[in-house]
Amino acid sequence: ITIFVPRDSTALALGANETAAAIAKEAKARGIDIKLVRNGSRGMFWLEPLVEVATDAGRIAFGPIEEHEVAGLFDAGFTAGGKHPKALGLTEEIPYLKKQERLQFVRVGITDPVSLDDYLAHEGYVGLKKAIAMEPAAIVQEVTDSGLRGRGGAAFPTGIKWKTVLGAEADQKYIACNADEGDSGTFSDRMVMEDDPFMLIEGMTIAGLAVKATEGYIYVRSEYPHSIANLNEAIDAANKAGYLGENILGSGRTFNLQVRKAAGAYVCGEETAMLESIEGKRGLVRAKPPLPALQGLFGKPTVINNVISLSAVPLILSRGATFYKDFGMGRSRGTLPMQLAGNLKYGGLVEKAFGVTLRELLYDFGGGSESGRPIRAVQVGGPLGAYMPESLFDTPFDYEAFAAVASTVGHGGLVAFDDTVDMAKQARYAMHFCAVESCGKCTPCRIGSTRGVEVMDKIIADQNRPQQIHLLRDLCDVMVTGSLCAMGNMTPFPVLSALNHFPEDFGDQKALAN
Ligand code: SF4
């Protein structure tokens with residue numbers, strides 16, 4: 001009998017280790033022979049720890065199961081499909097999972113994350129084997145044809161970036177994976193690294209072959225110890241089995257990979273600050289040009305991609321660009337793993353093709369607010385994303401559709417708020433976040449965010465509101481146009497969206513006409 005208990009950190013935080021230990025102990029005491037697999041999470045966090053049992057019909061799920069409920073599970077004969085109040089039926093039939101289009105997250109929650117054999121048994125390394133037989137330019141073309149755009153937030157076409165690096169002449173090139181996932185309410189990078197690390201490793205190896213880079217770095221935020229451990233374990237296994245290192249699968253090609261623990265600042269997720277940090281310097285943003293594609297890490301041509309972008313690559317190679325491109329809408333092709341967080345009944349990971357609306361995500365998947373009150377605002381795309389009101393909930397997830405309503409898809413994180421939220425305080429929070437996290441290199445962001453907090457305090461205290469709101473708009477204008485990077489450029493998104501969509505929280509209506 002095979003029993004699965006997740007090892008993902010969300011499940012661990014909810015007691016998965018204790019549940020797993022109790023299952024092993026109980027089975028032994030009852031003389032039941034079991035194989036306990038520590039899989040990744042299915043991404044349905046309200047059900048964690050989710051216990052699954054393999055049956056001929058597929059896996060059946062029980063959850064959430066705490067340590068003290070394990071004996072009752074055995075009493076109910078759960079391993080033989082016995083009835084239990086927490087039985088959820090076949091895992092794959094749970095609507096939250098069934099309604100998804102899991103292309104990238106297809107193995108997540110199914111396999112043992114650090115087992116190379118399990119990865120290979122689930123379509124692992126099919127993409128790399130194809131890539132090895134291709135010319136670098138053909139690999140780049142395949143990625144370009146797939147329509148993949150940067151999933152870290154910038155949405156820049158991945159194939160075009162790779163083409164620039166491939167065309168650059170240099171004795172050394174690098175692949176740098178940005179895994180400094182610091183946006184509020186986001187965890188898709190973490191789930192890839194913890195729950196399917198070989199997918200990212202394979203994607204980076206293919207990227208290395210495509211642009212002729214032989215060294216790669218994964219820059220992982222320091223708050224992700226389980227990601228770092230699983231990646232290192234998987235990298236070791238891939239090296240030993242010949243999927244990494246010198247002479248990959250006998251091809252004569254080399255790609256070495258190492259993990260770097262990030263420095264703990266939000267701005268280190270900005271690509272050039274990340275390069276500085278990997279080089280061992282303070283995480284300061286670099287001015288562009290030169291583009292990192294031409295002069296990046298240690299001054300050499302560098303592909304910088306986010307975890308989700310790179311881990312989409314094995315699938316694109318194994319199934320082909322057309323397969324991937326068939327999902328999505330407009331210029332937003334493929335799928336996006338969206339992360340549901342904040343005041344929602346069912347928080348978790350939902351992978352869907354572009355085109356799904358905010359409303360579907362919030363209600364069909366998220367189940368509405370946890371508090372049972374109306375959802376008033378959703379911040380999409382992290383702390384620099386706009387607050388979207390109910391009137392925009394039918395906006396489809398599409399980079400251009402979001403830009404048209406002054407919003408951004410970002411990294412696909414959603415944080416929901418009910419009608420008790422004070423949007424003026426949220427606007428202040430955005431300015432304060434920028435003041436704390438600014439790297440200090442440019443004046444509009446460094447000084448502007450601090451002045452912005454002061455102005456917001458006056459607005460909240462109702463001190464000369466019309467003038468202060470006017471000042472706030474001017475300040476936002478300077479930050480958008482004058483800042484060096486997205487930190488300063490985008491902080492006005494949440495501030496202005498709060499002001500424009502929720503003017504009633506800023507008191508003086510007449511002032512808003514300015
Ligand atoms: Fe640094 Fe802010 Fe300027 Fe970016 S916008 S370079 S974070 S000071």
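Reply: Helices (H or I, at least four residues) and strands (E, at least two) are DSSP runs, numbered from the N terminus. By that naming, Glu123 is in the loop between α5 (116-121) and α6 (126-132). This is a predicted model: local features need pLDDT of at least 70, side-chain atom pairs count only at pLDDT 80 or more, and totals for chains, interfaces and linings use all residues. Residues are numbered from 1 along each chain as its sequence is written, and side-chain values use heavy atoms, with hydrogens and water left out.

Me: Why is Glu123 called partly exposed?

Reply: Buried means under 20% relative accessible area, exposed over 50%, and partly exposed in between (1.4 Å probe, protein chains only). Glu123 has 37%, so it is partly exposed. Its phi is near 70°, a positive value in a residue other than glycine.

Me: And Glu279: what makes it buried or exposed?

Reply: Its relative accessible area is 18%, so Glu279 counts as buried. You'll find Glu279 in the loop between α12 (271-278) and β9 (302-306).

Me: Which residues is Glu279 in contact with, leaving aside neighbours within four places in sequence?

Reply: Contact means heavy atoms within 4.5 Å. On that basis the partners of Glu279 are Arg286, Gly296, Leu297, Phe298 and Gly299. Leu297 is 18 residues apart from Glu279 along the chain, and their C-alpha atoms are separated by 7.3 Å.

Me: Where are the cis peptide bonds?

Reply: One joins Gly63 and Pro64, with omega about -10°. Another joins Pro289 and Pro290, with omega about 5°. Pro290 also lies in the loop between α12 and β9.

Me: What makes a set of residues a nonpolar core?

Reply: The set must hold buried Ala, Val, Leu, Ile, Met, Phe, Trp, Tyr and Cys residues joined through side-chain atoms within 4.5 Å. The largest one here has 61 residues, and Trp162 and Leu200 touch the most other members. Its largest share, ten residues, comes from helix α10 (residues 197-211). Apart from it lies another core of 36 residues, including Phe417 and Phe506.
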